Amino acid sequence: MTNAVIENILTRRSVRAFQEKPIDRETIETLLQCAVHAPSAMNRQTWHFSAVLNREKIQKLAAAMGKALGSPAYNLYCPAALIIPSNETGLIKTWDNACALENIFLAAHSLGIASVWINQASDTCDDPGVRAVLTELGVPEGHAVYGMAALGYAAAEPKPVDKKYPVTIIE
Ligand SMILES: Cc1cc2nc3c(=O)[nH]c(=O)nc-3n(C[C@H](O)[C@H](O)[C@H](O)COP(=O)(O)O)c2cc1C
C-alpha cells in the first residue's frame, strides 16, 4: 500500500554534503509551519525555532561548537540553512523537539531539500562560547538544544541505508 506521503517517508535519507544554492525564505517558513504543527506533550508548545539562512552565521556557530568539541574543522556539513529547535529542559521536551525535527525533515524532502539531524549542540549548548552565538541567533536563555536540522540542496544522491524491520504483529 502506498501514497505520496508514505513514498516521501520511505525515500527520505540523511544527506551530509550540500550545494552552495541557498534555500529561499518562503520555503524555510513552510518548514517552520510544519515544525510547529508537530505534536507536543499536553500541547504545551514550549519550544522555539531559530532559522538561520546566512552561511557565515551558521559557520560562526560551527566554529564555537568546534572549539567546545576540540574539533577546529567542525563545519556542520556547511548547510545552506540551519533550523535550531530549542526547548525548556526535560526528557519530554526532547521528544517534542524530535517530533518537530522529523516534520522538518519530511517536509523538506517533499520539497526536494536534503537534511540531516545534527546532535552536537545537545552536548555543547551550555558552553559559554556556543551559548553566546546561540543567543545571537535568537535561542532563548534557559533553552536547551536537543538536535538541529542542517538543510540544503543535496550535492550528491545519498546512498541507500539498510533498514531493519524489528516488528511484531499480533492478529
Ligand atoms: C537522535 C539522532 C541523532 C543524530 N545525530 C546525527 C549527527 O550528529 N550527525 C549526523 O551526521 N547524523 C546524525 N543523525 C542521523 C543518523 O545518522 C541517520 O538518521 C541514520 O544513519 C539513518 O540514516 P537515514 O536518516 O538516511 O535513514 C542522527 C539521527 C538521530 C535520530
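Visitor: Between which two helices does the loop with Ala 17 lie?

Guide: Ala 17 lies in the loop between α1 (4-11) and α2. Helices (H or I, at least four residues) and strands (E, at least two) are DSSP runs, numbered from the N terminus. This is a predicted model in which local features need pLDDT of at least 70 and side-chain atom pairs count only at pLDDT 80 or more, while totals for chains, interfaces and linings use all residues. Residues are numbered from 1 along each chain as its sequence is written, and side-chain values use heavy atoms, with hydrogens and water left out.

Visitor: Is Ala 17 buried or exposed, or partly exposed?

Guide: Buried means under 20% relative accessible area, exposed means over 50%, and partly exposed lies in between (1.4 Å probe, protein chains only). Ala 17 has 37% relative accessibility and therefore counts as partly exposed.

Visitor: Which residues does Ala 17 contact beyond its neighbours within four places in sequence?

Guide: Contact means heavy atoms within 4.5 Å. With those neighbours left aside, Ala 17 is in contact with Tyr 153, Ala 154 and Ala 155. Ala 17 and Ala 155 are 138 residues apart in sequence, yet their C-alpha atoms are 5.4 Å apart in space.

Visitor: Where is Ser 50 found, and is Ser 50 buried or exposed?

Guide: Ser 50 belongs to strand β1 (residues 48-52). Its relative accessible area is 4%, so Ser 50 is buried. Apart from neighbours within four places in sequence, Ser 50 is in contact with Leu 82, Ile 83, Ile 84, Leu 137, Gly 138 and Val 139.

Visitor: What does the side chain of Ser 50 reach?

Guide: A polar contact is a pair of N or O atoms within 3.5 Å; within protein, one must be able to donate a hydrogen and the other to accept it, and residues adjacent in sequence count only if both atoms are side-chain atoms. Here the side chain of Ser 50 reaches the backbone oxygen of Leu 137 at 2.7 Å.

Visitor: Which residues surround the ligand?

Guide: A residue is near a molecule if one of its heavy atoms lies within 4 Å of it. The ligand is surrounded by Arg 12, Arg 13, Ser 14, Arg 16, Tyr 77, Val 116, Trp 117, Ile 118, Asn 119, Gln 120, Val 161 and Lys 163. By class, this shell has five nonpolar, three polar and four charged residues. Here Ala, Val, Leu, Ile, Met, Phe, Trp, Tyr, Cys and Pro count as nonpolar, Asp, Glu, Lys and Arg as charged, and the others, Gly among them, as polar.

Visitor: Which side chains have a polar atom at a stated distance from an oxygen atom of the ligand?

Guide: A polar side-chain atom of Lys 163 lies 2.6 Å from a ligand oxygen atom. For Arg 13, an N or O atom of the side chain is 3.0 Å from an oxygen atom of the ligand, and for Gln 120 the corresponding distance is 3.2 Å. The protein covers 64% of the 620 Å² of accessible area that the ligand has on its own; such areas come from the Shrake-Rupley method with a 1.4 Å probe, and for residues only the protein chains shown count as cover.

Visitor: What are the phi values of Leu 76 and Tyr 77?

Guide: Leu 76 has a positive phi of about 60 degrees, although Leu 76 is not a glycine. Tyr 77, also a residue other than glycine, has a positive phi near 70 degrees. Leu 76 lies in the loop between α3 and β2, and the place of Tyr 77 is in the loop between α3 and β2. Leu 76 is buried, with a relative accessible area of 1%, whereas Tyr 77 is partly exposed at 34%.

Visitor: How many disulfides does a search of the whole structure find?

Guide: A disulfide is a covalent bond between the sulfur atoms of two cysteines. The search counts a pair of cysteine sulfur atoms within 2.5 Å, and in the whole structure it finds zero disulfides. The closest cysteine sulfur to that of Cys 99 is in Cys 34, 14 Å away, which is too far for a bond. Cys 125 is in no disulfide either, as the nearest cysteine sulfur, that of Cys 99, is 19 Å away. Cys 99 is partly exposed, with a relative accessible area of 31%, and Cys 125 is buried, with 3%.
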